[in-house]
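Subject: A structure for you to explore

Hi there,

Here is the structure I promised to pass on to you. Have a look at it first, and then read on for what turned up in it.

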Amino acid sequence: VQLVQSGGGLVQPGESLTLSCTTSDFSLDLYGIGWFRPAPGKQREVILCSSSSTNSDGKVYYADSMKGRFTISRDDIKNTVYLHMNKVEPEDTAVYYCATRTFRCPRTIADANEYEFWGQGTQVTVSR
């Protein structure tokens with residue numbers, strides 16, 4: 001199974017950026033999708049998680065510290081999930097990962113062990 005990520009790059013503070021996560025191995029609409037990035041003291045910190053609307057309630061759960069600037073969307077026809085980053089800050093510089101979990105987000109969305117498959121990561125650099 002391979003999740004393929006794209007969309008990273010260099011952006012200036014205050015700009016927006018969209019990251020993509022796709023696969024040809026299964027339908028992403030059947031899975032919960034989480035987005036993560038590394039954080040000090042943690043291997044990876046969760047940004048948000050979106051449960052499947054096909055097999056679950058389609059709700060989006062946010063890490064408290066991430067509410068407001070990050071959103072998620074899905075294009076089931078393209079079998080792609082997007083992380084929309086708005087008003088990026090230098091502190092958002094990181095490698096971002098998408099991950100899947102069968103049907104719905106875990107009760108503890110931050111528990112990376114609950115996710116089954118991971119993308120390869122895409123670098124986002126926020127700098128003038």
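**A residue to start with: Ser20**

Leaving aside neighbours within four places in sequence, Ser20 touches Val4, Gln5, Ser6, Trp35, Thr80, Val81 and Tyr82. Before you click on them, please keep in mind that this is a predicted model. Ser20 itself sits in strand β3. Is Ser20 buried or exposed? With a relative accessible area of 16%, Ser20 is buried, since the cut-off for buried is under 20%.

**The sheet around it**

Strand β3 belongs to an open sheet of four strands, ordered β1-β3-β8-β7, with antiparallel pairing. Which strands stand at the edges? They are β1 (4-6) and β7 (70-75); each has a single partner strand, so one side of each is left without a neighbour in the sheet. From one strand to the next, the twist averages 20°.

In case the pairing of strands is new to you: strands of a sheet pair through backbone hydrogen bonds, either parallel or antiparallel.

**The disulfides**

How many disulfides does a search of the whole structure find? The search gives two.

One of them joins Cys21 to Cys98, with an S to S distance of 2.0 Å. This pair links distant parts of the chain: Cys21 is in strand β3 (residues 17-22) and Cys98 is in strand β9 (residues 94-102), 77 residues apart. Both cysteines, Cys21 and Cys98, are buried. The torsion about their S-S bond is about 70°, so the disulfide of Cys21 and Cys98 is right-handed.

Another joins Cys49 to Cys105, with 2.1 Å from S to S. Here too the pair links distant parts of the chain, 56 residues apart: Cys49 lies in strand β5 (residues 42-50), and Cys105 lies in the loop between β9 and β10 (117-118). Cys49 and Cys105 are buried. Why is the disulfide of Cys49 and Cys105 left-handed? It is left-handed because the torsion about the S-S bond is about -100°.

Counting the bonded cysteines along the chain, the disulfides follow the pattern 1-3, 2-4.

**Arg101 in strand β9**

Strand β9 also holds Arg101. Arg101 is buried, at a relative accessible area of 19%. Its side chain reaches the backbone oxygen of Arg104 at 3.0 Å. Apart from neighbours within four places in sequence, the contacts of Arg101 are Tyr31, Gly32, Pro106, Glu114, Tyr115 and Glu116.

**Aromatic pairs**

Two of those contacts, Tyr31 and Tyr115, come back here. The count of aromatic pairs is five. In one, the rings of Phe26 and Tyr31 have centres 4.5 Å apart and planes at 40°, so the pair is tilted. Phe26 is buried at 15% relative accessibility, and Tyr31 is buried at 16%.

The rings of Phe36 and Tyr115 have centres 5.0 Å apart and planes at 85°, so this pair is edge-to-face. Phe36 is in strand β4 (residues 31-39) and Tyr115 is in the loop between β9 and β10, so the pair ties together parts that are 79 residues apart in sequence. Both Phe36 and Tyr115 are buried. Ring pairs also link Phe26, Tyr31 and Phe117 into a cluster.

Enjoy exploring!

Note on methods. Residues are numbered from 1 along each chain as its sequence is written. This is a predicted model: local features need pLDDT of at least 70, side-chain atom pairs count only at pLDDT 80 or more; totals for chains, interfaces and linings use all residues. Side-chain values use heavy atoms; hydrogens and water are left out. A disulfide is a pair of cysteine sulfur atoms within 2.5 Å. Helices (H or I, at least four residues) and strands (E, at least two) are DSSP runs, numbered from the N terminus. Buried means under 20% relative accessible area, exposed over 50%, partly exposed in between (1.4 Å probe, protein chains only). Two strands pair if DSSP finds at least two bridges between them. Axes are lines fitted to C-alpha atoms, for helices over the stretch in contact, and angles run from 0 to 180 degrees between N-to-C directions. Contact means heavy atoms within 4.5 Å. A polar contact is a pair of N or O atoms within 3.5 Å; within protein, one must be able to donate a hydrogen and the other to accept it, and residues adjacent in sequence count only if both atoms are side-chain atoms. Rings of Phe, Tyr and Trp (its six-membered ring) pair if their centres lie within 6.5 Å; planes under 30 degrees apart count as stacked, over 60 as edge-to-face and the rest as tilted.
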